[in-house]
Each structure stands twice: as C-alpha cells, then as structure tokens.
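Here is a short briefing on one protein structure. Look at the chain first, then work through the points by topic.

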Amino acid sequence: MRQLKQNLWLLVFASAVYVYGAENTAQVLSNAHLAMKFCPQTGGIVSIKEPATGHDFLAHTTGQPLLWRLFLHSQSGDEIEINNTQAGSPAFDSSKHSLSIRWKDIDLPEDEDALDILVKCNLKRDDDTALFRIWVSNKSKKYGLWNVQFPAISPVATNESAKIAIGRGTWGMLYDRSEEKITGEYPSHSLPMQFMLVQENSSSLYLAAHDPKAMPKQFELEPGGEFHVTTQAMDMGVAGSDWRAPYPFALGVYHGSWMSGCKKYRTWALDEAPWTHKGPLTKRKDVPEKMKNVCAWLLTGGTSSEVVPAVKQFAEAIGAPVGVHWYNWHQILFDHEYPNYFPTKPGFADGVSELVNEGIVVMPYINARLWDVANDNFKEARPYSTKDENGEVVIETYGKSPDLAPMCPTQEFWQDKVAEIIHRLGDECGVNAVYLDQIASARPRSCFDPSHSHPLGSGSWWVDGYREMLNPIKKWATTKGHSIGLTTENNAEPYMDNLDAHLIWTARSDQEIPINTAVYSGYTLYFASNRAFGHDDVSYCLCQARDFVWGTQLGWDGPGILQPEHKSELDFLSRLARLRAKALDYLVYGELLEVLAPLNDIPSLSGTWNKPGGDGPVTLKAVQAALWRGDDGTIGVLLANADTQAHAYSFHFDSEHHGLGETDAWIISRITSETATELPSQKGRRFTYTIEVPGRDALLLVFHPTHE
C-alpha cells in the first residue's frame, strides 16, 4: 500500500494532474517543479514547496493565512480595510493547469453584498512558476478601491540561511539575515525592477509582478513575517471602482542563487516588456554611438571658462572617450525657477562646441518633473500640475529649494515644454546629450485632477505619459541630423526604451549585488562610480574596481580628481577606462553571467564609502572579477585589482553551466589597457584557471571557443 501511494504521488507530479482537497482539507496545485497548498477556510497559501528537494518556504505557517487585502475609501472620507480572513470561506474550483478561489457577496458597512472576488492561479505542466491574478467586482455605491494588496504570503524568510535580493537605485542589495522590513516603491530608485528573491540554502523563491504596464506598486517583506505587494487602484476612491486583474503576479521556485532569479526576470522582461521591444544595444540605432562608447564621466558646472579647461584636462588624463555632466549652465539658481532655463550663462554654446569638437559627450542638466510655483508663469502651468485628492497642487521641496510642483506627464502642455527645452539645447547650444533629472528616480505621484483625462489617482498613465512625452523627443534627437543622447537619474526600468543611460549615483554598499546588469546588460547603459572620492585611495580604488567589472561607465566625480594629491586615483581610473574601451563587446553589448568568487586566498581591503545612512566602513576582496558573454559568443572575464600588490586569481570556468554549448577547447587572449597577448590554450568544459592581476590594474581574459 505504501508503494502504491508513492507511485500515485509521483504520477501527480509527472503528469501535472492538479489535486484539490475535499471540504476542510488543504487545496493543492502542483506539478513536478512546484507544489502549493491553500487553506480551505481562508484561501491563503500554507505551503510553497520545491518537490525535487522537499524544501518548503512556508514551513512555519500557522493560524488563518492571508491572501489579499483591500483598502477602500468613500467620498466622505471613510476608510475600510478588508481581507480574505474576514470574507468567509471561499469556494474552490479546479480545471486544467489552474485553481480558482471565489468569495461572493461580501458586506461592507451600510453596503450589503458589495464585493465579489476571484483569485485564479495558473501553473503549466513544465513550468516552475505559477501566475496569480485577482479580480474585484465592486457593486458598492459608497466605496471605491484605493489599494489592492495581493498576494499576501506569510511567513516568508524564516530560515536562518535566508538571503533576500532586491533591486535598488544603485546596483541592488543582498540582505543576509536581515531583521528589518525591506520595502521598495516601483517604479523609482527604491525599486527599479518589480521583483524580489528569497534564497534559503540552495533553494530560492521568485516573487515578481509581471506587469508590462508598470503600474505603481510597493513590495514589502518583513523577514520571518509577511510578504505582500500593494498596487494603487485606478480611479482611487470612486464608488464602484473595480479591479480587473491588470497583471499577473509570478510566484516560482528555482535551484540557485540571486543570479538565477535575475535571469528568470530577464527572460520575462525581454519577452513581454515594452521597454525592451527596441531590442539590444547592438541593434539600437537610436542610441548614439558616443553614448555607448563613454568610459568615464566628469561632474562639474558653471561657466564655460570654469568647465571647459577641466573637461579637457580630464579627457587627456583618461585617454578614452569621456563625457561631462554640466550643471548650472543656466543663469537661474539650481532647483529655483524651473523650467526657466534660458537664457544660458554667456559663452555656454561656444564652450559646448569646443568640447563636442574634441569628441566629448556634453550633457547639461534639466529637471523633467518640476515647476517652481513662485514663477510668474506657474499661473499658466498650474492646470497641468499634479493634484491631490482635495484638488490642491502637490508640492515637493529639496533642501533649501522653493516649493516645486511635479507636473503631470500625461499633459501635452508639459510634454511640449520639456521638448522645447531639449530642442533649444540641441539646436541653439549644440549639445550631444541631455540629462532629464528625476524621471526614473522619483516615484509616480497620484493625480486626482479630472480634467487630465486619466484614471483618478493612479494607474499606468504615469509611465505611459512619459512614453508619450519621450517618443517624439527621442525620434527628433536621433534623426533630422541630430545624434543626441538622453539620460536620467537612477534606473527604473520602464523608461529605458527612450532614455539611453541611467545615473546610478546613490550611496554604495558592500552588501550590493549587480542586479541592474544581471537583468539588463546589453539593453541599456549605467553610469557613475562615485561615493568613495574624498577618502583614501584604497577606498576609491575598491569602488572603481567593483563597479568596473559590474559594467558601469565610471567616474562622475568632480574636478577635484584632477588635483595632484589624487594622482593615484586618477591613474587607476584611467587604466580602467582605457580597458573598458577595449571591452565594449562585453560591458556594453554583452551579458553579465556571473560574479566570480576566487578559489584561492585573495586578501581583503578595507576602506570608507558613502553608504546608505552616511559614511561607513567597507571590506572587499582586493581583486574583483566577473564573467560576461560577448555578443560574438566569446567569454570575457574582467578582473580589477585595487591593491598596490599583484595577486594571482583562480576561478572556476564552467561553459555548460552558462549554456555556452559543448565547446571543449578555448583560445585565450590577455588584454590590458596597453597590451594584448595570446596565452596557452585551454581544454575542457569545466576547469580552474589562474591568472596574475597586476597591482592597481585590470585585465580582460577573452576565451574564444574552438574545436581541436
């Protein structure tokens, strides 16, 4: 009998027959890769298991588990929260590859039978990821949806080995045994991509909103507690507003680290997201070659007489393509009188021309969100600014700035104003790039102005509005004789189809992981490696070494880097930049496959970085390394040594692990900023390779597949 039961259980997994329990027993949806159980009393998830290992991510579930919460508002200001544990026992229904859970005729205060709710979970036979959707039919004449919190899963990350990976505005973070709540608002610098990963030993949980419309949402996980995603409703608070499953939530299990989870999200993004539909950078004719080729940036500002000599000195010292991010080129004060950028400071256009003729990318700053409400012309702009639920203009301030109003990106008035500024910078001033501050950094604002013709409050209209703004600007910037790059602050994903590069300038940490390039290498650009300048040269070189092998365009420090006391830092930056110029097939056009860990004893170095919360200590291996796949099928291993002493570095090479085919022989090239030499060839699909990395230098190993 025991053998019979085992055979029946194996048959369930192998044939993807979905079993749902009888009344008062757990409802099961499973296949050979993923098994989930649902509570019959509440519909909440009580088990998420990886059948191959038997690992259960919800091993400590107790009580009556949640699955969803709804937040509703009335026009009179009443607020209600309701969840599935308050809605009565649901009805379950199963069909091929899916399980449906229904709650009907849920009462609200003074409003009987107001809500019907359907949750559907689909799990294909050969997939390790289930797709969840929720529908809310709202029959209330008093209450409208405000937020939909779905899914809610608890308890998550209870295992002592749990590591949590999430995107951030710089690179991404890997939290090891974090005791603090981890949150992020999408799309913004705090959550650039809409997924989170939980690794428990070698088993991992994939939690992602597969939302091509990029609706505003918040991810939140309290380690050992609840995970949930909160999405703002459309027509927030409008009586009778529904929720029509605008996107699926993906819940999956996989075997491996955070890198494998990033590749799952990459697959979805490249297949379905509109921001990748223009294809990889190898095919993007609308991304200027000069933007792709930049290897280092200088951050400066002021008059041409202040900026131009410093930029020329920087370009000569670097010896590779550079760009300048030019602030305060206008007569108005920074963060004052936006968007009245003209007239420029005297001589600006001449200075731009001088640098452009030297082959330098000249990128002035503008803000693409804000209008100074103290301006005389705000009276004209006020109707097109964002409004709160009381009809008042939304106000933001930054340091000692005046009151600034974020403008609604759906409004043609604001779209035309941004286009006008960029056109003038290109046509009158001759710039070959423009920086549009805050677009990918700041979270979407809710707007309740009914005259704007978008759903009240929230929705996909914020991202859609910026796409409508940027589509014609992008076309103008790369046609009609122009070749103008467009960049923005931080790296929220849904804007990358029109913005070429992302300024990842925010604080660095030794807990970071390169989620940006793990997902989007080969499809967009990142720039900046600051936040260590001003400390000792070890601190600076550690930051440059790591950021170099992870793929960013380096620099974005001020002219102080040119002072004699910083010669060692500038020399290292120069060597890295010149090697980057030789490694574009990997760092621009390729794909990051692995952050390498040394197999031998590499010393650690300690320094000080500007970390989240202020300056703090960091400790990293002296040699940083990463493995990239080139667009031509070769493998590039980038290694950078922040130490003054040379170090031999041993790493594991596994061609099959990275899907590199059955090649069992490799011709190897060693490339530095100055030289290129051929090394003895290597046989095998898996092997340990050792190379010496000179002190304060970097090198590229290219593995050319061959058949001997």
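How many residues does helix α10 have, and how far does it reach from its first C-alpha to its last? Helix α10 (residues 537-550) has 14 residues and reaches 20 Å. That is close to the 20 Å expected at 1.5 Å a residue. The expected span is 1.5 Å times one less than the number of residues.

This is a predicted model: local features need pLDDT of at least 70, side-chain atom pairs count only at pLDDT 80 or more, and totals for chains, interfaces and linings use all residues. Residues are numbered from 1 along each chain as its sequence is written, and side-chain values use heavy atoms, with hydrogens and water left out.

Helices (H or I, at least four residues) and strands (E, at least two) are DSSP runs, numbered from the N terminus.

**Helix α10 and its ends**

- Of the 14 residues of α10, 12 are buried, so the helix is largely enclosed by the rest of the structure.
- Buried means under 20% relative accessible area, exposed means over 50%, and partly exposed lies in between (1.4 Å probe, protein chains only).
- The buried residues of α10 include Tyr540, Leu542, Phe548 and Trp550.
- Aspartate 536 caps the N-terminal end of α10. One of its side-chain oxygens lies 3.0 Å from the backbone nitrogen of valine 538.
- Just after α10 comes glycine 551, with a positive phi of about 115°.

**A four-stranded sheet**

- Four strands form an open sheet in the order β1-β2-β3-β4, and the pairing is antiparallel.
- β1 (27-30) and β4 (55-56) stand at the edges with a single partner strand each, so one side of each has no neighbour in the sheet.
- Two strands pair if DSSP finds at least two bridges between them.
- Strand β3 (residues 45-50) pairs with β4 over two bridges, in the antiparallel sense.
- Lysine 49 has aspartate 56, in β4, as its bridge partner.
- Strands of a sheet pair through backbone hydrogen bonds, either parallel or antiparallel.

**Cis peptide bonds**

- The bond from tyrosine 186 to proline 187 is cis, with omega near -10°.
- Proline 187 is in the loop between β14 (182-186) and β15 (195-200).
- Another cis peptide bond joins phenylalanine 342 and proline 343, with omega about 10°.
- Proline 343 lies in the loop between β22 (322-327) and α5 (348-356).

- Asparagine 201 is not a glycine, yet its phi is positive, about 60°.
- Its place is in the loop between β15 and β16 (203-209).
- Asparagine 201 is exposed, with a relative accessible area of 52%.
- Alanine 245 also is not a glycine, and its phi is positive, near 45°.
- Alanine 245 sits in the loop between β19 (243-244) and β20 (249-255).
- Alanine 245 is buried, at 8% relative accessible area.

**Cysteines**

- How many disulfides does a search of the whole structure find? It finds zero.
- A disulfide is a pair of cysteine sulfur atoms within 2.5 Å.
- For cysteine 39, the closest cysteine sulfur is in cysteine 121, 16 Å away and too far for a bond.
- Cysteine 39 counts as buried, at 6% relative accessibility.
- For cysteine 262, the closest cysteine sulfur is in cysteine 543, 20 Å away and too far for a bond.
- Cysteine 262 counts as buried, at 0% relative accessibility.

Notes. A polar contact is a pair of N or O atoms within 3.5 Å; within protein, one must be able to donate a hydrogen and the other to accept it, and residues adjacent in sequence count only if both atoms are side-chain atoms.
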